[in-house]
There are 2 protein chains.
Amino acid sequence: MAPIISIEEAGRHSGESVTLRGWLYNQRDAGKLLFPIFRDGTGIMQGVCSLKESPAAYEALKNLTQESSCIVTGTVRPDARAPGGHELHVSEVQVVQRIADGDPYPIQLKEHGTDFLLENRHLWMRAPRQAAILRIRAEAIHAARNFMDSQGYTLTDSPMFTPSACEGTTTLFEVSYIDDEKAYLTQSGQLYLEATAAALGKVYCFGPVFRAEKSKTRRHLTEFWMLEPEAAYAHLEDMMVLGEGLVSHMVQSVVKNRPRELETLSRDVTKLAAVVPPFPRMLYDDAVVTLQKNGKAAKWGDDFGGEDETVLSSQFDRPVIIHRYPASIKAFYMEPDPQRPELALGFDMLAPEGYGEIMGGGERVSSYDLLLKRVREHNLPEDAFKWYLDLRRYGSVPHAGFGLGLERTIAWICGTSHIREVIPFPRLLYRIYP
Amino acid sequence: MAPIISIEEAGRHSGESVTLRGWLYNQRDAGKLLFPIFRDGTGIMQGVCSLKESPAAYEALKNLTQESSCIVTGTVRPDARAPGGHELHVSEVQVVQRIADGDPYPIQLKEHGTDFLLENRHLWMRAPRQAAILRIRAEAIHAARNFMDSQGYTLTDSPMFTPSACEGTTTLFEVSYIDDEKAYLTQSGQLYLEATAAALGKVYCFGPVFRAEKSKTRRHLTEFWMLEPEAAYAHLEDMMVLGEGLVSHMVQSVVKNRPRELETLSRDVTKLAAVVPPFPRMLYDDAVVTLQKNGKAAKWGDDFGGEDETVLSSQFDRPVIIHRYPASIKAFYMEPDPQRPELALGFDMLAPEGYGEIMGGGERVSSYDLLLKRVREHNLPEDAFKWYLDLRRYGSVPHAGFGLGLERTIAWICGTSHIREVIPFPRLLYRIYP
């Protein structure tokens, strides 16, 4: 019996007889020769099957419907024209399930509309482009976790159920908890991380967060993943350095370990290769001036919109860090700059090529009195924040962190225009199926 | 300036002057000598400070309140009696925040009631025992992910929002989605993984799942983490082998990399060292006989209760795999055993020492007709399961997987009696604060 291998490994079995288990992705019929293309989840591989040499295999493949499952045995032969550099000379075919002619695979090899593809996301993800994006996503996550672990950060998962909001309540999802009690789905694990950082020093969480954003844009999902580090005795500068290290490690790991997938996406790899530290930095003050020079109506004190971000990030070949925003447009927990208290010791990281904000963070208020004042100014429920205030009553330390939006980062790495492609089952404003 | 190090690293700096940034965990006052104990999140370290040699440091430490934050400089000296084998001869102390005498740290170094500790979970996690458990949790997760990645499994995150239930509706949490539409929080990522397995071959997800279980036991959380692999062209046997490999890798990684934490928990490490493959296996049929021999009222066709599981697992020094349960007590999607169709090709893994079920899985129905019949028999909404049925219409293959309950696994590894200690912020039936 030939050894069972994956298509990914085929190059290492040149000249050998192997068995692949997968699906028929497509096939060209040239009379007495068939040119099937198989996929097995790790990639696609072209085959050739001759009526004369392998009549039984030929009969099994002939007229086999697209996406039918099959187990195929043959010899791996180098072929410079084939994707992956090898093709399979098919000698045996076992059809596992033949898709009925009267009920063909719904996603034909042609263009389909977005709604149709999203409705069939469970099948659409088999397409080489979609599968490549999902493999890149997995690689980027693997790289991100290993980077954080290597930097001495301990994973502490933040809870999904929260009794109150982290930042505002208009975008919160409400859950019927037990006995008609209400709970809310987390929008960020940060507040909880501030507690675990005081217990464990350097920590991070990496899990789903939820935002009921009514804005139906290319950049929004109602459910997405966020990586959030937090470190005791850390400052703004530490987080900007950690952030650029993390992002460049994710990008370079994908470049190194997923070249075939980037090729499938026709991604310009030279643009990704440039993403190494140090990233350019710009004060908020200077960002406003840059926008004005570029004809934008920005004025000091405004938050930046999507178009502003594109203008700012397009100045650079790697992500740009904008720091020290006006405190008035940033979250209540941000530490003021001691030199200029009207500024927050915070930063945003904007991806190049118009992909917008992928990271935001900074130093947190460590004074109990100032934090209590802020909680009151923002009309936040003091009861629900009692535990959070406790962190400043009992052994407060300077501390800082950030949040990295996973899907926006992956969309940029993949060079894909819509964030809905970079998560297996996107949850959108008007879609939670399949 | 002395280099800033973590307590974890102190052993490598013997004889050197170093700076620690952390908190005062406890202190013994012996007149002209103080014996402070510091913690910094990576561990605890004993110090000694002499009035004669370091009067300023002595004054700063004297009467310093428990959990006050401070930055301490001193020389690392070997001391066989000290935890970690070294102590710090303190020369300089900078108090970052002194906790007020009138408002002392709430968790004193004595026994507290469970409700009080849970109410103060944000502080309780600083206790050496709790911090050790959280570090073991992080190590076990790191090991689990790296094991899955090394086995060629691609991470594909399953969604949290689902339009329908995976198994029954009584334990579902309902969410107010957009415009009064309802969504439900996932109880398992499995069904979605079956789709990604058909796209990518071998996949897994690892994220939070939610169960509104009314049973208020030591073993239940409303929100917990589950690792679920799924593989195309895989069978029951493959998953039993993968499952024992995964669990033993998690256990042995903790034993190897977290010995100090296991010591803090007084965990019997010899019991963990025995956890290597192969794990014992037992047919359900034989498990019933074993229970009967041990005086239990079990009869063929019953599901096992917690006490039954304890009887079964206490026969072995490592987890036991019970396989081929009656189909009638297992989920609708389980593939029947072709030899004995009244049995499901499924298994459960029971942890030793009475920790109960930590894993469940098996082979899934691959026939469209059988799955449709099961969906109807279980009165499941056919519309909501259309996409799931599609997986059997279009290129169906044999496939199998399992789910590993993270918190139960960690509780067993830690030897802790309550699952609420093994997650940073436990969500219980009557507790979602802090």
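Buried, in what follows, means under 20% relative accessible area, exposed means over 50%, and partly exposed is in between, with a 1.4 Å probe and protein chains only. By that rule B:Arg420 is buried, with a relative accessible area of 18%.

First, the ground rules. This is a predicted model, in which local features need pLDDT of at least 70, side-chain atom pairs count only at pLDDT 80 or more, and totals for chains, interfaces and linings use all residues. Residues are numbered from 1 along each chain as its sequence is written, chains are lettered from A and ligands numbered from 1 in the order in which they are written, and side-chain values use heavy atoms, with hydrogens and water left out.

Now the interface. Chain B puts 96 residues into the contact, and chain A puts in 96 residues; contact here means heavy atoms within 4.5 Å. The area buried between the two chains is about 7700 Å², and carbon and sulfur atoms give 63% of that. Buried area is the accessible area, with a 1.4 Å probe, that two parts lose on being put together, summed over both. On the chain B side, the residues that lose the most area to chain A are B:Tyr233, B:Tyr394 and B:Ile432, together 11% of what that side buries.

How many salt bridges does the rule find across the interface of chain B and chain A? It finds 4, where a salt bridge is a side-chain nitrogen of Lys or Arg within 4 Å of a carboxyl oxygen of Asp or Glu. One salt bridge is formed by the side chains of B:Arg137 and A:Asp157, at 2.6 Å from N to O. Between chain B and chain A there are also 48 residue pairs in polar contact, both residues at pLDDT 80 or more. A polar contact is a pair of N or O atoms within 3.5 Å; within protein, one must be able to donate a hydrogen and the other to accept it, and residues adjacent in sequence count only if both atoms are side-chain atoms.

Helix α4 of chain B, residues 128-150, supplies the largest share of the side of chain B that touches chain A, with 10 residues. Helices (H or I, at least four residues) and strands (E, at least two) are DSSP runs, numbered from the N terminus. That side of chain B divides into 51 nonpolar, 21 polar and 24 charged residues. Here Ala, Val, Leu, Ile, Met, Phe, Trp, Tyr, Cys and Pro count as nonpolar, Asp, Glu, Lys and Arg as charged, and the others, Gly among them, as polar.

There is strand pairing between the chains as well. Strand β8 of chain A and strand β8 of chain B, residues 174-176 in each, pair in the antiparallel sense over 3 bridges. Two strands pair if DSSP finds at least two bridges between them. A:Ser176 has B:Glu174 as its bridge partner in β8(B).

Back to B:Arg420. This residue is in the segment after α13 (406-414) of chain B. Which residues does B:Arg420 touch, leaving out those up to four places away in sequence? They are B:Thr114, B:Leu118, B:Arg121, B:Leu221 and B:Pro426.

Helix α13(B) itself is largely enclosed by the rest of the structure, because 8 of its 9 residues are buried. Among the buried ones are B:Trp412, B:Ile413 and B:Cys414. Just after α13(B), B:Gly415 takes a positive phi of about 65°.

Strand β14 of chain B, residues 346-351, is mostly covered, with 6 of its 6 residues buried. B:Gly346, B:Asp348 and B:Leu350 point one way from the strand, and B:Phe347, B:Met349 and B:Ala351 point the other way. Strand β13 of chain B, residues 320-323, runs antiparallel to β14(B) and is joined to it by 4 bridges, with B:Ile321 opposite B:Met349. Strand β15 of chain B, residues 356-363, is also antiparallel to β14(B), over 6 bridges, and B:Asp348 stands opposite B:Gly360.

Last, the backbone. Cis peptide bonds join B:Pro277 to B:Pro278, with omega about -5°, and B:Tyr433 to B:Pro434, with omega about -5°. A:Glu67 is not a glycine but has a positive phi of about 75°, and at 2% relative accessibility A:Glu67 is buried. A:Asn379 has a positive phi near 55°, and at 69% relative accessibility A:Asn379 is exposed.
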